[in-house]
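Hello,

Here is the structure I said I would pass on. My notes on it follow below.

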Amino acid sequence: MEMKFTTKNVNVYYGDAQAINNVSLDIPDRAVMAMIGPSGCGKSTYLRCLNRMNDTIPIARVDGDIRLDGHDIHSEIDVVHLRARVGMVFQKPNPFPKSIFDNIAYGPKLHGIATKKSDLEAIVEESLQKAGLWNEVKDRLGSPGTGLSGGQQQRLCIARAIAVSPEVILMDEPCSALDPIATAKIEELIDELRQNYCIAIVTHSMQQAARVSQRTAFFHLGDLVESGPTTEIFTNPKDQRTQDYITGRFG
Amino acid sequence: MFLWIAVALLLIIMGAYYTGRGRAVSSVSGNYTALHSLPSYHGYYVALWAGLPAFILSIIWFFVAPQVLEGIVLSQAPESVTSLPPERLQVFMADVAAIAQGGIPSQVTPEREAAAEIYGSYLSVSNWLMFAVAISLAVAGLTYGRARIRPRLRARNSVESMVNLVLIICSTIAILTTVGIVFSLLFEALRFFARVPFTDFLFGLQWSPQTAIRADQVGGSGEFGAVPIFAGTFLITLIAMFVAVPIGLMSAIYLSDYASNSVRSVVKPILEILAGVPTVVYGFFAALTVAPTLRAWGGSIGLDVASESALAAGLVMGVMIIPFVSSLSDDVINAVPQSLRDASAGLGATNSETIRQVILPAALPGIVGAILLAVSRAIGETMIVVMAAGLAANLTANPLEAVTTVTVQIVTLLVGDQEFDSAKTLAAFALGLTLFAVTLVLNVIALRIVQRYREKYD
Ligand SMILES: Nc1ncnc2c1ncn2[C@@H]1O[C@H](COP(=O)(O)OP(=O)(O)O)[C@@H](O)[C@H]1O
Ligand SMILES: [Mg+2]
């Protein structure tokens, strides 16, 4: 399996508190990598290292070697470019208070991917198609994105991320604010997207990890306890802590 | 006298509290759970019965007694006094009261002294009577309240509805005062419009309110066209906004999205100090520092700048409003959720792109509201323009000339000796009413906008 991200000895500190200890993990291309673990164990923190979102937190400090396609994301890739290549979907749907069209067109305009109206329209349609939202919104592209339902908003956010043609999509508990039906839609979508993207998803639901991912990494108290093919982690964990977590002995 | 009444009432109220409490406790022989309300509420209950009626009586007495006293004095006054015109009679009574209470009267005449004699004697009767009535009312209230204490008494409910009532009365007083001010403005303004047609006032281009007070004076007939004044106000407000809006907005953006916490913790208080500078200080800063400097600069490049100019007043007023704009804008910018900043950053936007394309559009309604509030402050600002803008009602768009504003004209119309029913004086009320209407509308619109915007993100 070809690796998209390789990370070695990643440490993250919030002020004096260390949130991630020496995590080394590789993330495969064209597959879904799930990160599970009890809350507060540093899953989100690790995920945010991958597109340098931790830079936006003044007290956060990241060290370690993180490479995208073999290039160091801190020294060899500009952060603006990195974030165009590594899109992110957040826990709570966060569409801009703009029209559906402008939400999707935001990224392409920023990066100069499309300037002509017709090109933009094509990108918007394609992204919404990929996010499985086109049929629901094609008649009201001008209405505000904030007016959609929670599940639609989250798919809008996925479409917005897709619109800049990223190679990687990071998702931080994308379904935690959604109802079961909307969740099922997003999971279906993730399964389709994996054909073309590298996807890393943080989830607190082990069932979800089992359903959507090919590989799973288990975090505990800032440590990466173990990682490997999802089936293996769930049926035959090597570490006692993993075993305890997936059998529900602590959460 | 009032001091003694207050002290005595306070003592009775304290006594009432402890009596009520004690009686409630003993009525259930110490078994608190048998009481409907906590013992302290029984205390407050009796205290309210003791204090409130006496307090209300004292207030009423305070306002009614002087009227009654005046009536008594007048009924015993000679014909020469009772036939005085109302304003003179008012002065007369004020003098009488002053003499009787050892104050400083405007003049002392035998009539006044005689009247003061009567006034003084009735005054002390009134005071003693008030003392006696207030105290007996308090004691009676205490006794009554105490007699009503029993375990099932819903003391907390009664106390809280009383407190509720008091709060309502207080807010009603504030509202009534406002209504009163509006009506007095309206009333006096109507008297003005009875002399000067409304359209002349609103659309006239000449403002020279000097009218002859005596027939032999050369004073002109008086022109009350307010357009030059409105124009001057508008010009100065515009200049002030040109200063305050960009600087205030930029500093708000800097503070909310660029400054580190340490910088923020220093800069914000400094801006707030700026907001605390008394406007009169800004006023003489404008008149004594900025205006001469502008004049010198203008002179050096061949421009003729008046020593009192719209520019000087507007610039300084703008500086005064900066903290107002910046702190309101800072609030609305901070109210834009962090998740939108994250979303934008996650798509590869730089900080400034995020601000321009996400934060500002999202915060725009709130910012517009903040600016409108700032405009209404600028329009109502007085001290700076009185000191630095000038008095001449020029109809000009040139910021280098002296102009005058609504507030300045109100001040000049009312300062000094006035006849209170001349058109000149009444014009101030018409101007005040206009000012009030404009700022009211601006404030209502601004608050609406800000509110609607807040609802969106809560
Ligand atoms: N912005 C922050 N400032 C300080 N500490 C943080 C911040 N974000 C996360 N942390 C801390 O880092 C640790 C890991 O948090 P996080 O990565 O959010 O965990 P998870 O996503 O696994 O629930 C927690 O102890 C949390 O308190
Ligand atoms: Mg998390």
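In what order do the four strands of the open sheet in chain A lie? The order is 2-1-4-5, and the pairing is antiparallel. Strands here are DSSP E runs of at least two residues and helices are H or I runs of at least four, both numbered from the N terminus; two strands pair if DSSP finds at least two bridges between them.

Before the rest, some conventions. This is a predicted model, in which local features need pLDDT of at least 70 and side-chain atom pairs count only at pLDDT 80 or more, while totals for chains, interfaces and linings use all residues. Residues are numbered from 1 along each chain as its sequence is written, chains are lettered from A and ligands numbered from 1 in the order in which they are written, and side-chain values use heavy atoms, with hydrogens and water left out.

Sheet in chain A

Strand 1 (residues 3–14) of chain A runs antiparallel to strand 2 of chain A and is joined to it by eight bridges. Within this pair, A:Val12 stands opposite A:Ile20 of strand 2. The edges of the sheet are strand 2 (17–28) and strand 5 (71–72) of chain A, each pairing on one side only. Helix 1 (residues 43–50) of chain A packs on the sheet and touches strand 1, strand 2 and strand 4 (60–68) of chain A; contact means heavy atoms within 4.5 Å. The direction of helix 1 makes about 120° with that of strand 1 of chain A, where axes are lines fitted to C-alpha atoms, for helices over the stretch in contact, and angles run from 0 to 180 degrees between N-to-C directions.

Salt bridge

A:Lys4 forms a salt bridge with A:Asp69, with the closest N and O atoms 3.1 Å apart (the criterion is a side-chain nitrogen of Lys or Arg within 4 Å of a carboxyl oxygen of Asp or Glu). A:Lys4 lies in strand 1 of chain A and A:Asp69 in the loop between strand 4 and strand 5 of chain A, so the pair, 65 residues apart, links distant parts of the chain. Over all chains, a search of the whole structure finds 20 salt bridges.

Hairpin in chain A

Strand 9 (residues 215–220) and strand 10 (residues 223–229) of chain A run antiparallel, joined by six bridges. They form a hairpin with two residues between them, and A:Leu221 in the turn has a positive phi of about 50°. A:Phe218 stands opposite A:Glu226 in strand 10 of chain A.

Regards
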